[in-house]
Amino acid sequence: MPIINVTMTKEDGGATQEQKEALIRELTHTFAKIIGRGEKTCVVTIDEVSTDNYGIGGESITNIRKQQ
């Protein structure tokens, strides 16, 4: 069973339910088209990470965004 993991930041309220549905649909379709495995067995997970929970260069993304 193929598993596609998407990790993205949760900014400005995060992705809408409609965006997530479209992302799941399109990733599944593209995977099946390119790899040739059935769409019915493809799993897509979406993890939205708060900008408080990751950083670059020793600083949280929340703080970096505030400085911009």
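The model is predicted: local features need pLDDT of at least 70, side-chain atom pairs count only at pLDDT 80 or more, and totals for chains, interfaces and linings use all residues. Residues are numbered from 1 along each chain as its sequence is written, and side-chain values use heavy atoms, with hydrogens and water left out.

The protein chain has two helices and four strands. Both kinds of element are DSSP runs numbered from the N terminus, with helices being H or I of at least four residues and strands being E of at least two. Along the sequence the pattern reads β-α-β-β-β-α. The radius of gyration is 15 Å, well over the 11 Å that the globule rule gives for 68 residues, so the protein chain is more spread out than a compact globule. Here the radius is taken over C-alpha atoms, and the globule rule is 2.2 Å times the number of residues to the power 0.38. Taken along the principal axes, the C-alpha atoms fill a box of roughly 45 × 25 × 15 Å.

Buried residues make up 18% of the 68 residues. Contact means heavy atoms within 4.5 Å. Among contacts with a separation of 6 or more, residues 24 or more positions apart account for 59%.

Strand β2 holds Asp 47. Neighbours within four places in sequence aside, Asp 47 is in contact with Val 6, Thr 7 and Met 8. Thr 51 sits in the loop between β2 and β3 (55-56). Thr 51 is buried, at a relative accessible area of 13%. Not counting residues up to four places away in sequence, Thr 51 touches Thr 9, Lys 10, Glu 11, Ser 60, Ile 61 and Thr 62.

The loop between β1 and α1 includes Asp 12. Asp 12 is exposed, with a relative accessible area of 84%. Its phi is near 55°, a positive value in a residue other than glycine.

The protein chain has 8 positive and 10 negative side chains, and the centres of the two sets lie 6 Å apart. Lys and Arg count as positive and Asp and Glu as negative, while His and the chain ends are not counted. Side chains of opposite charge can pair when their charged atoms come close. A salt bridge is a side-chain nitrogen of Lys or Arg within 4 Å of a carboxyl oxygen of Asp or Glu. By this rule there are two salt bridges.

Arg 65 and Glu 11 form a salt bridge at 2.9 Å, N to O. Arg 65 lies in helix α2 (residues 61-67) and Glu 11 in the loop between β1 (3-10) and α1 (17-35), so the pair ties together parts 54 residues apart in sequence. Arg 65 is partly exposed at 35%, as is Glu 11 at 27%.

Lys 20 forms a salt bridge with Glu 48, with the closest N and O atoms 3.0 Å apart. Lys 20 lies in helix α1 and Glu 48 in strand β2 (residues 43-50), so this pair ties together parts 28 residues apart in sequence. Lys 20 is partly exposed at 22%, and Glu 48 is partly exposed at 23%.

Conventions. Buried means under 20% relative accessible area, exposed over 50%, partly exposed in between (1.4 Å probe, protein chains only). The place of a charge is taken as NZ of Lys, CZ of Arg, CG of Asp or CD of Glu.
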